Amino acid sequence: MWKIGNNQMSETFRLGAVLALAGGFLDAYTYLVRGKVFANAETGNMVLLGVNLLNGQWEKALGYVAPILAFAIGVVVAEAIKKRVQERSLHWRQISLLAEMVILLVVCFLPQSMNNAANVAVAFVCAVQVESFRKVHGNAFATTMCTGNLRSGTERLWQFLQSGKRESLTQAGRYYGIIFFFIVGAALGSFTSGILAERAVFVPCLLLFAAFLMMFWNDEKQGQEL
């Protein structure tokens, strides 16, 4: 695993941007193609769960329970990978990315009759991603949801307006930048899903593969992570 200056490669903005593209894409994909379920936004799923329970739509409600549980399990699995993987030539975050890619490739071939399974798989993938990649330049970020990023970015912008510190403005720009790439990913997901339907999830596989390769990049100022 490499780091650039004082920042790990896994915490660079460019890697976060690629992951945000994948995150936005997956949310649009599951909502548009897999029965209006959010892959990443478990808060949204919880709201829809409550609405369907109130309306007595038990079967539809269960369709939201499964992704929520899968997301929780994904967090646990990411932590388990982090704890158990000791091989230094391939970082545990890269192992996580490989696992995500394999799962999404399987989702490519799941028919509409297996939407629940597809949503569970994608929610699991998103949980692994959000737990494995939690910072950009040392600040807490999320690449599969944006409410926290919006809060933090606006907070940093306010701090800049109050203090004039350019570092606060830079941090605000990073947060808003990740939000921008998430929205672009959602738009790409919408466009591609209209053409490829279930197979559209192959696109975020490519994005995750690009992220995997980016973690090998090195230059004269890089050194190995301790």
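The model is predicted.

**H3 against H4**

Two packed helices are described by the angle between their axes and the distance between the axes. Helix H3 covers residues 58-84, and helix H4 covers residues 92-108. They pack at an angle of about 140 degrees. Their axes lie 9 Å apart. The crossing of H3 past H4 is right-handed.

Which residues make the contact? H3 contributes Ala-78, Ile-81 and Lys-82. H4 contributes Trp-92, Ile-95 and Ser-96. By type, the contact residues of H3 with H4 divide into 4 nonpolar, 1 polar and 1 charged. An α-helix has 3.6 residues a turn, so residues three or four places apart point the same way.

**H6 and Gln-162**

Gln-162 sits in helix H6, residues 147-163. Is Gln-162 buried or exposed? Its relative accessibility is 55%, so Gln-162 counts as exposed; the cut-off for exposed is over 50%. Asn-119 is 43 residues from Gln-162 along the chain. The C-alpha atoms of these two residues are separated by 44 Å.

**H7 and its end**

Helix H7 spans residues 166-196 and has 31 residues. From its first C-alpha to its last, H7 reaches 44 Å. That is close to the 45 Å expected at 1.5 Å a residue. Just after H7 comes Ala-197, with a positive phi of about 55 degrees.

Most residues other than glycine have a negative phi. Lys-36 has a positive value, near 60 degrees. Ala-197 also has a positive value, near 55 degrees. Lys-36 lies in the loop between helix H1 (13-33) and helix H2 (42-54). Ala-197 lies in the loop between H7 and helix H8 (202-214).

| Residue | Phi | Relative accessible area |
|---|---|---|
| Lys-36 | near 60 degrees | 47% |
| Ala-197 | near 55 degrees | 29% |

Definitions and conventions
Residues are numbered from 1 along each chain as its sequence is written. This is a predicted model: local features need pLDDT of at least 70, side-chain atom pairs count only at pLDDT 80 or more; totals for chains, interfaces and linings use all residues. Side-chain values use heavy atoms; hydrogens and water are left out. Axes are lines fitted to C-alpha atoms, for helices over the stretch in contact, and angles run from 0 to 180 degrees between N-to-C directions. Helices (H or I, at least four residues) and strands (E, at least two) are DSSP runs, numbered from the N terminus. A crossing is left-handed if the near helix is turned anticlockwise from the far one by less than a right angle, and right-handed if clockwise. Contact means heavy atoms within 4.5 Å. Ala, Val, Leu, Ile, Met, Phe, Trp, Tyr, Cys and Pro count as nonpolar, Asp, Glu, Lys and Arg as charged, and the others, Gly among them, as polar. The expected span of a helix is 1.5 Å times one less than its number of residues. Buried means under 20% relative accessible area, exposed over 50%, partly exposed in between (1.4 Å probe, protein chains only).
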